[in-house]
Amino acid sequence: MKRFVGRVRIQWVWVMVVMLWCFGGEILGSGNENIAKYKDPKQPVGVRVKDLIGRMTLQEKIGQMIQIDRIAATPHLMTKSFIGSLLSGGGSTPRPRASAADWVNMVNDFQKGCLSTRLGIPMIYGIDAVHGHNNVYNATIFPHNIGLGATRDPELVRRIGDATAIEVRATGIQYAFAPCIAVCRDPRWGRCYESYSEDPKVVQEMTDIILGLQGDIPSGSRKGVPYVIGKNKVAACAKHFVGDGGTTRGINENNTLTDVHGLLSIHMPAYYDSIIKGVSTVMVSYSSWNGKKMHENREMITGFLKGTLKFKGFVISDWAGLDRITSPPHANYTYSVLAGVQAGIDMIMLPYNVTEFVNDLTYLVKNKFISMDRIDDAVERILLIKFNLGLFENPMADLSLVNEIGSQAHRNIAREAVRKSLVLLKNGKRESEPLLPLPKKASRILVAGIHADNLGYQCGGWTIAWQGFRGNNETSGTTILDAIKSSVDKKTEVIYSENPDTQYLKSNHFDYAIVVVGEHPYTETVGDSQTLTMADPGPDVINNVCGSLKCVVVVISGRPIVIEPYISVIDALVAAWLPGTEGQGVTDVLFGDYGFTGKLPRTWFKSVDQLPMNVGDSHYDPLFPFGFGLTTKTMVARSVSASIDGRPYIAFVVIFLFAGLYFQVKRRKLSRSQASVWPSWFCSFLLNRFQNSPTTQRGRRQIQLQTL
């Protein structure tokens with residue numbers, strides 16, 4: 001009996017082995033597929049997205065559509081509500097003067113909450129890095145977009161995007177709300193400095209910043225497919241869709257009145273380029289088009305952006321954008337949620353009212369006002385970008401890039417951007433007597449104006465705080481005054497007075513003056529202005545100083561401002577826009593180390609009564625036309641002093657040959673007359689080579705100042 005039982009057991013073992021051999025692979029494979037397919041980086045992204053969304057509940061899907069400010073978030077809330085995204089609004093930081101490590105630790109704490117959920121879907125963190133990583137202490141602050149438009153240099157803008165991406169990732173953040181590709185058609189708009197130009201062609205060229213932020217388009221990738229290459233890159237955001245720069249009288253968030261041709265030919269072209277270049281996200285504008293709020297415009301968001309342009313990334317609202325669909329805002333929030341989601345907005349920047357949004361959207365889906373297909377479309381787009389970013393493989397940030405914040409390499413790029421952005425509008429009261437470049441050697445020079453020694457004024461809005469800051473203590477950088485002091489000859493005395501009176505000017509015997517005036521920082525609606533006047537005491541400073549001395553006026557502003565009444569008294573006039581932290585870029589061209597090359601990115605008006613006025617208008621009569629900009633050449637060719645014929649190693653060759661001649665003479669005991677022939681001949685040869693070299697000839701031509 002025992003033998004029989006034993007034989008039966010052996011037979012059953014063999015049966016089980018055969019069954020496992022026949023079906024085990026399928027069984028195990030099925031289990032692995034159910035658990036791990038969306039977590040398997042070897043799977044195509046589309047397969048991973050479909051697998052994950054098939055596992056998600058309605059509540060988990062709604063959570064992915066939510067973006068809230070860090071102020072409203074806790075790790076517990078991230079877990080409980082399945083929150084898909086966080087952001088830092090302007091000035092929303094872990095603590096004052098937070099370090100990169102502080103940012104990384106904060107982001108990781110929130111991320112841990114997301115990873116502890118059933119499916120472990122990581123969140124994406126967004127921030128307004130609109131001219132560098134401008135919320136972060138010690139970060140490199142680049143010129144605002146209006147200045148970059150003046151450079152006409154897409155390759156430079158691309159490098160700025162690359163530097164910005166690295167500094168953003170250094171703080172653990174993966175998503176930048178940039179670039180703003182608005183086409184500002186009226187400088188009275190408070191966001192005009194966020195626009196590269198009034199000309200859509202210039203704005204199109206500047207979309208190369210996307211390639212810097214996200215990386216080069218992968219070889220073999222289809223155009224228009226969103227991508228992000230590597231852990232040093234971020235998801236970019238083209239904003240604000242569409243027509244935000246064309247509102248009536250430049251009033252922020254107002255109505256853009258134009259026909260379809262006007263919208264598509266002026267405000268839309270940069271979106272074509274952005275999508276072709278693989279931009280990951282698009283942010284919707286607060287503004288309206290012919291009375292229809294863009295946040296509820298299904299025809300433009302779903303029909304044109306997602307349909308006609310075949311945009312595959314996700315569409316995000318602006319801050320509390322759904323609330324502003326109604327007037328007054330938040331008057332009927334359930335309707336706003338319905339209108340915004342049905343229009344095609346995928347991620348909602350709430351930024352605070354999580355419970356209300358979840359309850360309203362849940363109600364609308366369960367009662368079939370919004371289809372599950374619309375919810376799935378939104379979540380699939382969001383998950384696509386998260387997979388592209390590699391967040392499922394590397395959700396946690398580390399400290400490997402913290403030293404990149406404000407690095408010298410990035411500041412050098414910013415300095416280059418500043419000098420290329422400056423536009424020389426006037427150079428001398430007579431063309432034959434240019435004032436610029438200024439001499440570095442002088443007995444005494446005056447620097448005047450409240451903008452000369454104010455880093456906050458230099459940087460403008462969207463710097464450290466939403467509305468910017470005033471003074472020199474909120475971040476690190478070089479003011480224009482400090483740049484002047486470090487640029488001039490050591491024996492030149494630099495005197496700074498914000499608003500000197502005429503008596504002071506007459507009694508101090510200045511050789512010349514540099515006057516720095518302009519606007520105070522502002523952002524969005526706060527910056528709307530129907531007068532466009534410079535901040536006091538700017539006009540008095542110009543009249544007093546330039547009425548007494550030879551002067552160059554440097555204008556720090558986010559747009560053209562009223563300057564025509566003072567133009568006759570000014571010797572030289574420079575539009576410096578909002579240059580950021582690297583003030584040396586201003587002095588690089590003032591003192592002739594580099595020449596002026598910038599061109600106006602927008603028309604400079606004579607009077608605000610002419611506005612709006614853009615190139616091509618029938619009433620076009622500007623003070624300085626679009627594209628205007630005088631040029632200068634450098635004072636001294638740096639290459640002449642750097643080397644002989646551009647070859648620094650020649651000095652070592654000379655030393656070597658002379659040493660060889662010395663020992664040759666000593667060894668052969670040549671006569672004095674014989675020995676002297678060789679060094680004399682060789683010196684003549686070298687002198688002839690140096691004098692006739694191309695570098696020396698170029699240096700001779702550039703030694704003399706030439707102003708075009």
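This is a predicted model: local features need pLDDT of at least 70, side-chain atom pairs count only at pLDDT 80 or more; totals for chains, interfaces and linings use all residues.
Residues are numbered from 1 along each chain as its sequence is written, and side-chain values use heavy atoms, with hydrogens and water left out.

Cys 180 is a buried cysteine too, with a relative accessible area of 4%. The closest cysteine sulfur to that of Cys 180 is in Cys 184, at 9.4 Å, again too far for a bond. Cys 184 has another partner: a disulfide joins Cys 184 to Cys 192, with 2.1 Å from S to S. A disulfide is taken here as a pair of cysteine sulfur atoms within 2.5 Å. The link of Cys 184 and Cys 192 is left-handed, with -105 degrees about the S-S bond. Cys 184 counts as buried at 0% relative accessibility, and Cys 192 counts as buried at 1%.

A search of the whole structure finds two disulfides, and the other one joins Cys 546 to Cys 551, with an S to S distance of 2.0 Å. Here the torsion about the S-S bond is about 105 degrees, so the disulfide of Cys 546 and Cys 551 is right-handed. Both Cys 546 and Cys 551 are buried. Counting bonded cysteines along the chain, the disulfides follow the pattern 1-2, 3-4.

Now step back to the whole chain. Its secondary structure comes to 25 helices and 17 strands; helices (H or I, at least four residues) and strands (E, at least two) are DSSP runs, numbered from the N terminus. Of the 708 residues, 57% count as buried. The accessible surface comes to about 29900 Å², and 56% of it belongs to carbon and sulfur atoms; accessible areas come from the Shrake-Rupley method with a 1.4 Å probe, and for residues only the protein chains shown count as cover. Among contacts (heavy atoms within 4.5 Å) with a separation of 6 or more, residues 24 or more positions apart account for 76%.

The buried residues of α13 (residues 333–343) are Tyr 333, Ser 336, Val 337, Ala 339, Gly 340, Val 341 and Ala 343. They pack against α12 (298–308), β11 (348–349), α14 (354–366) and α15 (372–388). After α13 comes Gly 344, whose phi is positive, near 120 degrees.

For strands, follow the open sheet that three of them form in the order β6-β8-β9, with mixed pairing. β6 (255–256) and β9 (292–293) stand at the edges, each with a single partner strand, so one side of each is left without a neighbour in the sheet. Two strands pair if DSSP finds at least two bridges between them. Strand β8 (residues 288–289) is joined to β9 by two bridges, and the two run antiparallel. Within this pairing, Trp 289 has Lys 292 in β9 as its bridge partner.

Finally, turn to the charged side chains. The structure holds 33 salt bridges, each being a side-chain nitrogen of Lys or Arg within 4 Å of a carboxyl oxygen of Asp or Glu. One of them brings together Lys 440 and Asp 593 (2.9 Å, N to O). Lys 440 lies in the loop between β12 (423–427) and β13 (444–448) and Asp 593 in the loop between α21 (584–590) and α22 (638–642), so the pair ties together parts that are 153 residues apart in sequence. Lys 440 is partly exposed at 27%, and Asp 593 counts as partly exposed at 26% relative accessibility.

In another salt bridge, the closest N and O atoms of Arg 559 and Glu 519 are 3.0 Å apart. Arg 559 is buried, with a relative accessible area of 2%, and Glu 519 counts as buried at 7%.

Conventions: Buried means under 20% relative accessible area, exposed over 50%, partly exposed in between (1.4 Å probe, protein chains only).
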